[in-house]
Amino acid sequence: MRLLVVGRLSGQLAAAVKMAMAHGAKVNHVERADQATEQLRRGQGADLLMVDYNLDIAGLIAANELERIFVPVVACGVDNDAEKAAAAIRAGAKEFIPLPPDADLIAAVLAAVADDERPMISADPAMKAVTQLADQVARSEASILITGESGVGKEVMARYLHTNSKRAERPFISVNCAAIPDNLLESELFGHEKGAFTGAVARRIGKFEEADGGTLLLDEISEMDARLQAKLLRAIQERVIDRVGGTKPVPVNIRIIATSNRDLAKAVAEGTFREDLLYRLNVVNLRLPALRERPGDIAVLADHFVKKYAAANGVPQRPISLDAKRALTSHRWAGNVRELENAMHRAVLLAVGPEIDVEAIRLPDGQPLTAGASVDAGMSGGVAARAAQTADAVSRAYVGQTVAQMEKTLILDTLSHCLGNRTHAANILGISIRTLRNKLNEYADEGTTIMAPQTGIATGAYGSSAA
């Protein structure tokens, strides 16, 4: 977690810095907003800006966005002036931290921005075999491709590889290729020179240079535009990059780790992914099994998430009952570890009594965990008949609709099922997240209300962020 503090380092702000450092944050400090933007341009990146609310927060955010730098801001202030705090939030700050600081609040804000407490946890032989292979190749310089369904823990594995590599003391930089529009991704990766485009008032260092000496994670590499794939291939082969608008190559020393939840060999056959780039990335392939393929991990992961979210929410840590563990193990977990984590977070909050029982473990729509379980082959005829009647009614409801209407219904229903999570919905639908975005933009232009990412809240326009 990299924190950039902006403002005069008074005694109380210095105390907040010490608390952040005590929670593992690497802290840099500047006094003025323009110095913060300049530091970010130079590649001294940050995961969070903590800014004195007496400074021009709106101007700082605008200056960063002109340079295509998007770093969340939290405001802080000594006087606890409610009007200034509200103005800071309106200006774009995500949170306000009153000073003198509260240790729990500092910890909560840092945890909300950068969830780095994701250790590699495995007990199932299927996952242990993958971890053993990761241990073998971690200290090499080979590029590694991590594949698997959405939510299986690909980024966790990437961080594990970095932590156990020779580059562990150098930066680990992650870029989600699916979450950044194509016209911004090139600048994000390679940086740009002054005047490269409108608003580029100074040189900006990209993620390749920011990761120099360390590891660069290209998350969901399959979503990268073909033109950028060619530029990435040259960067990997030649160990040099070209900034947008630049005139000379810039040498870089990084290790590449890429992830994908799609079949890249199939993407090559379809002409959407370069075969030569796949060979460069796939020196070693780590395929992470789906959670249903490693049932021995479910109980240990559930225990880990209970401890994590009990501490985060300040509630008692309750053990998981035996019945609940059996229900957890028998559930299919289509959303993999991510779905299990969310379920256990809810369970921590809903549990009553001395244990977390089955009733506390709920699906995203509030239904009991058993509601999604498969029904035994020996079900009663009445249940079978009702299921058949329901299926028939659903089928009849589709008669008379066009293919486009059916497609729209399917996409929006799947998005609703995933609570707005674009990545999960695209994975279930079997399409790329770019295709999903285009469809949602099309529906929004028609006036259809689209669910916002991960919030479960419907909006009239589709946001640019991807869950």
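An open sheet of five strands runs in the order β7-β8-β11-β6-β12, with parallel pairing. The model is predicted. β7 and β12 (284–287) stand at the edges. Each has a single partner strand, so one side of each is left without a neighbour in the sheet. Neighbouring strands of this sheet are turned by 20° against each other on average, direction ignored.

The pairing of β7 with β8 can be followed in detail. The two strands run parallel and are joined by five bridges. Phe172 stands opposite Thr215 in β8.

Helix α7 lies across β6 (144–147), β7, β8, β11 and β12. α7 runs at about 150° to β6.

Ser165 sits in the loop between α7 (154–163) and β7. Is Ser165 buried or exposed? Its relative accessibility is 7%, so Ser165 counts as buried. The side chain of Ser165 reaches the backbone nitrogen of Arg167 at 3.1 Å. Leaving aside neighbours within four places in sequence, Ser165 is in contact with Ala138, Arg139 and Arg255.

**Nonpolar cores**

The largest nonpolar core has 32 residues. Which of them touch the most other members? They are Phe208, Leu216, Leu218, Ile221 and Phe273. Several elements give two or more residues to this core, among them the strands β7 (172–176), β8 (215–219) and β11 (255–260). The helices α8 (182–190), α10 (226–238), α11 (264–270) and α12 (275–281) do likewise. α10 gives the most, with five residues.

Not counting residues up to four places away in sequence, Phe273 touches Ile221, Ser222, Gln229, Leu264, Ala267, Val268, Leu278 and Leu281. A second, separate core holds 26 residues, including Leu291, Ile320, Val358 and Leu363.

**Salt bridges**

The structure holds 26 salt bridges. Side chains of opposite charge can pair when their charged atoms come close.

| Pair | Closest N and O atoms |
|---|---|
| Arg32 with Asp34 | 3.0 Å |
| Lys231 with Glu186 | 2.8 Å |
| Lys439 with Glu407 | 3.0 Å |

Lys231 forms its salt bridge with Glu186. Lys231 lies in helix α10 and Glu186 in helix α8, so the pair ties together parts that are 45 residues apart in sequence. Glu186 has a relative accessible area of 14%, and is therefore buried.

The salt bridge of Lys439 is made with Glu407. This pair also links distant parts of the chain. Lys439 lies in helix α19 (residues 433–445) and Glu407 in helix α17 (residues 403–417), 32 residues apart. Glu407, at 33% relative accessibility, counts as partly exposed.

Arg32 forms a salt bridge with Asp34. Arg32 counts as partly exposed because its relative accessibility is 45%. Asp34 is partly exposed too, at 45% relative accessibility.

Salt bridges also form a network. Which residues are linked in it? They are Arg2, Asp47, Glu188, Arg204, Lys207 and Glu210.

**The ends of α4**

Helix α4 spans residues 82–91. At its start, a side-chain oxygen of Asp81 reaches to within 2.9 Å of the backbone nitrogen of Glu83. Gly92 follows α4. The phi of Gly92 is positive, near 125°.

Conventions:
Residues are numbered from 1 along each chain as its sequence is written. This is a predicted model: local features need pLDDT of at least 70, side-chain atom pairs count only at pLDDT 80 or more; totals for chains, interfaces and linings use all residues. Side-chain values use heavy atoms; hydrogens and water are left out. A polar contact is a pair of N or O atoms within 3.5 Å; within protein, one must be able to donate a hydrogen and the other to accept it, and residues adjacent in sequence count only if both atoms are side-chain atoms. Helices (H or I, at least four residues) and strands (E, at least two) are DSSP runs, numbered from the N terminus. A nonpolar core is a set of buried Ala, Val, Leu, Ile, Met, Phe, Trp, Tyr and Cys residues joined through side-chain atoms within 4.5 Å. Buried means under 20% relative accessible area, exposed over 50%, partly exposed in between (1.4 Å probe, protein chains only). Contact means heavy atoms within 4.5 Å. A salt bridge is a side-chain nitrogen of Lys or Arg within 4 Å of a carboxyl oxygen of Asp or Glu. Two strands pair if DSSP finds at least two bridges between them. Axes are lines fitted to C-alpha atoms, for helices over the stretch in contact, and angles run from 0 to 180 degrees between N-to-C directions.
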